[in-house]
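Dear colleague,

Please find below the structure that I am passing on to you. I would be grateful if you could read it alongside the notes that come after it.

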Amino acid sequence: MNNVMLDIRALGKSTDAPIFAIECVFFEPSTGQIGPQYYRAIDITTVCGIYPEAVLQLMKGDSEQRAEVINATCSAIDALSGACNFIKKVASKHEKLFCWSAGSSLDVATLAHALSRYGLEPLLPSFEFRHLSTLIQIAGVTGYVPHPRRSTATYMLTDAFYRAEQVCEIWQRLTSPHFESL
């Protein structure tokens, strides 16, 4: 599997905002197979520069999300280095890596900034970037509507698994023999 969905949740909207959750999911769009996953909720007391409005937004989430934020024990540096090592290890089996994100390259830029902030070397292999939002727009022409996020989602703070499922659904819908059935 050489496709990875990256979802980073930060305490703010700029690329230098502190990260409070990170999830990576490997998947194969042509088969719909979901592979290895990495997830860490970060103890927000271990990060610097928390914006009060971002914390208020977190507290407006449902009780499961609030509990996950409050009970997080992983430090930011451990979560970041763990995610990079996870991606590097799984991707090492492939010549080319495709990194997906929900809408923009903000997740990748936030990750790069955080790695720099903590003095971590860029541990990621080179990759081609893909946008889920672009794929959804293309699929929308065929009548595709994403399925709702399942309430039994494993992780309350991120959506990488759900987004990987969407890529697989769309990919299979837009490729033969599915395309002829529309």
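Predicted model: local features only at pLDDT ≥ 70, side-chain atom pairs only at ≥ 80, totals over all residues.

Residues are numbered from 1 along each chain as its sequence is written, and side-chain values use heavy atoms, with hydrogens and water left out.

Elements are DSSP runs numbered from the N terminus: helices are H or I of at least four residues, and strands are E of at least two.

Three aromatic pairs were found, where rings of Phe, Tyr and Trp (its six-membered ring) pair if their centres lie within 6.5 Å, with planes under 30 degrees apart counted as stacked, over 60 as edge-to-face and the rest as tilted. The ring centres of Phe27 and Trp100 are 6.3 Å apart and their planes stand at 55 degrees, so this pair is tilted. Because Phe27 belongs to strand β2 (residues 19-28) and Trp100 to strand β4 (residues 98-101), the pair ties together parts 73 residues apart in sequence. Both Phe27 and Trp100 are buried (under 20% relative accessible area, with exposed over 50% and partly exposed in between, for a 1.4 Å probe and protein chains only). Ring pairs also link Phe26, Tyr38 and Phe86 into a cluster.

The whole structure holds zero disulfides, a disulfide being a pair of cysteine sulfur atoms within 2.5 Å. For Cys74 the closest cysteine sulfur, in Cys24, is 12 Å away, too far for a bond; Cys74 counts as buried at 15% relative accessibility. The sulfur of Cys84 lies 7.9 Å from its closest cysteine sulfur, also in Cys24, again too far for a bond, and Cys84 is buried at 0% relative accessible area.

Yours sincerely
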